[in-house]
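Please look over the sequence and the model shown here, and keep both at hand while reading.

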Amino acid sequence: MAVVSIKSNASRPSVAELVARATEIAPFVRAQAEQTESNRQVSADVMARLREAGLFRVMTPAVYGGYEHGFDALIRVAAPIGAACGSTGWVFSLAIVHQWLAAMFPKQAQDEFWSDPDALLFGSYPPVAKVVPVEGGYRLTGNWSFTSGSDHATWLVNGGMIPPATAGAPPTPAFFLLPMSDIRLEDNWFTMGLAGTGSKNSVAENAFVPAHRVVSVADLCAGTAPGGKVHDNPLYRHSMMSALPFTLVAPVLGMAEGALADFVDMAKVRTTRGAVTGGNNRMAEFATVQSRVAEATGSIDAARLTILDALDRAMAAAAADDQANADMRIRNRLAQAFSVRLLLRAVDAMFEASGGQSIFTSKPIQRAWRDAHAAAVHVSMNWDAVSTMYGQHALGLDAKGQY
């Protein structure tokens, strides 16, 4: 029987309350940002504060102690943390959404996962694992890259291809849920951006995964994963690709908002120096600076509206059981990539006008610039890949890509 939604539960924190909690923690996150980058992982202290504030439970099912808010809530809650530190925002956003992804698995797996109410799930999705069917499940061997947040994971969800049961049939891409006791981490995360995400390689060697800890990618994309039958809330019938990549957009939105705030604060009080035209004048009085503030603000506002409009479409489709709607899914993939394109435009506009002082590693704007550009090359938001897929669909061709 499906679990009833908690929409009417008075003890459930509102989105505004959760945003307020994130905003309260943000200065602590910001103060640690340079150290987070240097350590190449989010600190245990930061993760503890986010956990104590209940912020990992935004999308967790009610029956397991969560709030069952939607992807739009994730965007609003993750952005203030991303504004304080892009790497922390990235890990935080993924920690929230993987609670939703855990709820996509069969109930037995969910009960196992939430037997520890503080369990955190991270993962790496490419189906690179060697998968061998055995009695009761599968044996999994693989090496997955870009496992963000792995230092704080209790479980991982990793991708693999299940061999066909009959000759000539295609293999089945699937996600496998593994406890960290089955995983070895390879510390290869030395990067120019998002350095604090700890996105190391995760390695499994002949790990046994019972059948109840497996879900097909096709069901996730179609909104027909087993969790949709366990929980009443249509949140758990979302098409994965129409909504989940916005989790990666959320911290980029925060990065751009934080960079804009930093730039405006700096420009209000800074006087230019050096042998240049207009030297010794207030930076705020330059028309080019004023224009860049306007451009960045407009780009951020447009991105935010694009994100929330697309998530409204996704939720409406989930509520109507219309996840097979390829037009909506591909349109949302476009919104994911284009909103990041707008946010990069905002960050670039400010960084390019911020002057030589901005290149010091102690300055948040240079970190936001590097982190945003690192995020933008992720395959889910790569403009070249996603824009051509949408163009193919719009022009009546077979769309080649993930949707």
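**A sheet and the spaces around it**

In β2, Leu140 is the bridge partner of Val131. This is a predicted model, in which local features need pLDDT of at least 70 and side-chain atom pairs count only at pLDDT 80 or more, while totals for chains, interfaces and linings use all residues. Residues are numbered from 1 along each chain as its sequence is written, and side-chain values use heavy atoms, with hydrogens and water left out. Strands (E, at least two residues) and helices (H or I, at least four) are DSSP runs numbered from the N terminus, and two strands are said to pair if DSSP finds at least two bridges between them.

The strands β1 and β2 run antiparallel and are joined by 5 bridges. Their hairpin has 2 residues between the strands, and in it Gly136 takes a positive phi near 85°. On β2 there is also antiparallel pairing with β6 (residues 200-210), over 8 bridges, and here Trp144 stands opposite Ser202 of β6.

These strands belong to an open sheet of 7 strands with mixed pairing, in the order β5-β6-β2-β1-β3-β4-β7. Its edge strands, each pairing on one side only, are β5 (184-186) and β7 (214-216). Neighbouring strands of the sheet are turned by 25° against each other on average, direction ignored, where axes are lines fitted to C-alpha atoms, for helices over the stretch in contact, and angles run from 0 to 180 degrees between N-to-C directions. The helix α5 packs on this sheet and touches β1, β3 and β4, its direction making about 45° with that of β1; contact here means heavy atoms within 4.5 Å.

Further along the sheet, β3 and β4 run antiparallel and are joined by 8 bridges. Among the facing residues, Trp155 stands opposite Pro179 in β4, and Leu156 stands opposite Leu178 in β4. In a regular strand the side chains alternate between the two faces of the sheet. The strand β4 is also joined to β7 by 3 bridges, again antiparallel, with Val214 in β7 as the bridge partner of Phe176.

The spaces come next, and they are found on a 1 Å grid over the protein atoms alone: a pocket is an open set of points with protein on both sides within 12 Å along at least five of seven lines, a cavity is a set where a 1.4 Å probe fits but cannot get out, and lining residues have an atom within 4 Å of a point. Grid points are joined across faces, edges and corners, and a volume is the space filled by probe spheres set on the points.

The largest pocket holds about 930 Å³ of space. It is lined by 40 residues, of which Tyr125, Pro126, His378, Val379 and Ser380 are the closest to its centre. The strand β1 gives the most to this lining, with 5 residues, and the elements that each supply at least two residues include α5, β2, β3 and β4. By class, the lining of the largest pocket divides into 25 nonpolar, 14 polar and 1 charged.

There is 1 cavity of 30 Å³ or more, and the largest cavity has about 100 Å³ of space. Of its 14 lining residues, Ala83, Ala84, Cys85, Pro364 and Ala368 are the closest to its centre. The helices α4 (71-84), α10 (246-269) and α13 (364-376) each supply at least two residues of this lining.

Methods: Ala, Val, Leu, Ile, Met, Phe, Trp, Tyr, Cys and Pro count as nonpolar, Asp, Glu, Lys and Arg as charged, and the others, Gly among them, as polar.
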